[in-house]
Amino acid sequence: MGISIRNRKAETEAATKTKTKTKTTEVDLRGIKPLPLWFFGFEGVMGAAYDLTKAWDDAWMVLIGIALVNIVVGATVLRRRVKLMRAMLKNSHTRKIAIGLLALRVGLHLVLAALGAPVTSAAGHVAVAVLMGTATVTLMWFNQRVTFRALRLA
């Protein structure tokens, strides 16, 4: 009889600790604001980087500059949202999006080449870059929105 009382007491304490941890997490997460849409623009440019460098030989210098600005903005302006950025980067959905975007690019180039219309012109690479940039921004914004809804923050 004494053992069952101890077990119940231990179960009650464990449940209380779990509830406390959950409440603490909710309080911490409520202060997180979503990343602004313009931030995903940086990611969109990086998503279009391959085709931009194929369209213009010197685009890599501009892309390095944009990457540096992205790092500086992330470290300063968005410092309060580092938790959100880390959570999104660790999220399996974000990895699936990144792999999907890579597969889209490779698949698009392979399908067009198989159809006899490989992307070789600057205009073609710019068109694919716009497609990839738009897809990157849209999917990353959607991923953030789904994350916030799952956490019941927005």
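Setting aside neighbours within four places in sequence, F40 is in contact with L35, M88, V137, M140, W141 and Q144. Keep in mind that this is a predicted model.

**Nonpolar cores**
- The largest nonpolar core holds 20 residues, and L35, F39, F40, L78, L84, M85 and M88 touch the most other members.
- Two or more residues of this core come from each of α2 (37–47), α5 (82–90), α6 and α7 (122–150).
- Helix α7 gives the largest share, six residues.
- Another core lies apart from this one; it has six residues, including L52, A59, L63 and A129.

**Aromatic residues**
- Across the whole structure, a search finds three aromatic pairs.
- F39 and F40 make an edge-to-face pair, because their ring planes stand at 65°, with the centres 6.1 Å apart.
- F39 and F42 are edge-to-face too, with planes at 75° and ring centres 6.5 Å apart.
- Both F39 and F42 sit in helix α2, three residues apart, which is about one turn of the helix.
- F39 counts as buried at 6% relative accessibility, and F42 does at 16%.
- One aromatic cluster takes in W38, F39, F40 and F42.

**Salt bridge**
- The whole structure has one salt bridge by this search.
- Its partners are R105 and D51, whose closest N and O atoms are 3.3 Å apart.
- Since R105 belongs to helix α6 (residues 92–114) and D51 to helix α3 (residues 49–55), the pair ties together parts 54 residues apart in sequence.
- Both R105 and D51 are buried.

Technical notes: Residues numbered from 1 in each chain as written. Predicted model: local features only at pLDDT ≥ 70, side-chain atom pairs only at ≥ 80, totals over all residues. Heavy atoms only, no water. Salt bridge = Lys/Arg side-chain N within 4 Å of Asp/Glu carboxyl O. Helix = DSSP H or I, 4+ residues; strand = E, 2+ residues; numbered from the N terminus. Buried < 20%, exposed > 50% of the residue type's maximum accessible area, 1.4 Å probe, protein only. Core = buried A, V, L, I, M, F, W, Y, C linked by side-chain atoms within 4.5 Å. Contact = heavy atoms within 4.5 Å. Phe/Tyr/Trp six-rings, centres within 6.5 Å; stacked < 30°, edge-to-face > 60°.
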